[in-house]
Amino acid sequence: SNKLYQMKIALENELSNMKTKLNKEKQIENESDEKFHKLSEIYEEKTKIKAAAKAELKKWMSEFEEANGRPPDNDERASVKHLFIRHKESTAAAKEVQEQLENMMKQKEEHELVIEEVTKNCDNANNIIFTFLK
């Protein structure tokens, strides 16, 4: 009757709103996936820079030990301070990007839960509306 018809219209409007929200959430998810992919590439690059800096530092240390029969002391290390600084900075840069990636993963998991919940609500509303049509 009239009350059931009004309830059906209200449900259809709610379903329409939920579908709009779902589409927005999926769009946000796609944009997040693109950002995650780009950040992953940056992380890979930072990791390579870190590895190169570490290798360069290790090479100098082993060449020094081989030539002198002992590890370098602090004064001798000071002569290649730039190698130590490059290694420290590249390690910090890689770690910063890694933390950003981890935060993005947490946000993605939370976002997927929202999408799952909205999808479930849409399915429930569809089932209720279908029941009205019987």
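**Exercise 1. Determine which residues His-111 touches, and describe its setting.**

*Solution.* Not counting residues up to four places away in sequence, His-111 touches Glu-25, Ile-28 and Glu-29; contact means heavy atoms within 4.5 Å. The model is predicted: local features need pLDDT of at least 70, side-chain atom pairs count only at pLDDT 80 or more, and totals for chains, interfaces and linings use all residues. Residues are numbered from 1 along each chain as its sequence is written, and side-chain values use heavy atoms, with hydrogens and water left out.

Next, locate the residue: His-111 is in helix H3. Helices (H or I, at least four residues) are DSSP runs, numbered from the N terminus.

Finally, the side chain of His-111 reaches the backbone oxygen of Glu-25 at 2.7 Å.

**Exercise 2. Identify the residues of the largest nonpolar core and the elements that supply them.**

*Solution.* A nonpolar core is a set of buried Ala, Val, Leu, Ile, Met, Phe, Trp, Tyr and Cys residues joined through side-chain atoms within 4.5 Å. The largest one has eight residues: Leu-15, Met-18, Leu-22, Ile-115, Val-118, Cys-122, Ala-125 and Ile-129. Two or more residues are given to this core by each of helix H1 (2-68) and helix H3 (81-133). H3 provides the largest share, five residues.

A separate core has six residues, including Leu-57, Trp-60, Met-61 and Phe-64.

**Exercise 3. State whether Ile-129 is buried or exposed, and find its contacts.**

*Solution.* Ile-129 lies in helix H3. Because its relative accessibility is 8%, Ile-129 counts as buried. Leaving aside neighbours within four places in sequence, Ile-129 is in contact with Leu-11, Glu-12 and Leu-15. Ile-129 and Leu-15 are 114 residues apart along the chain, and their C-alpha atoms are separated by 9.3 Å.

**Exercise 4. Compare the span of H1 with its expected value, and describe what follows the helix.**

*Solution.* The expected span of a helix is 1.5 Å times one less than its number of residues. H1 has 67 residues, with 99 Å expected. From its first C-alpha to its last, H1 reaches 97 Å, close to that expected value.

The buried residues of H1 include Lys-8, Glu-25, Glu-29, Leu-39 and Ala-53. After H1 comes Gly-69, whose phi is positive, near 70°.

Technical notes:
Buried means under 20% relative accessible area, exposed over 50%, partly exposed in between (1.4 Å probe, protein chains only). A polar contact is a pair of N or O atoms within 3.5 Å; within protein, one must be able to donate a hydrogen and the other to accept it, and residues adjacent in sequence count only if both atoms are side-chain atoms.
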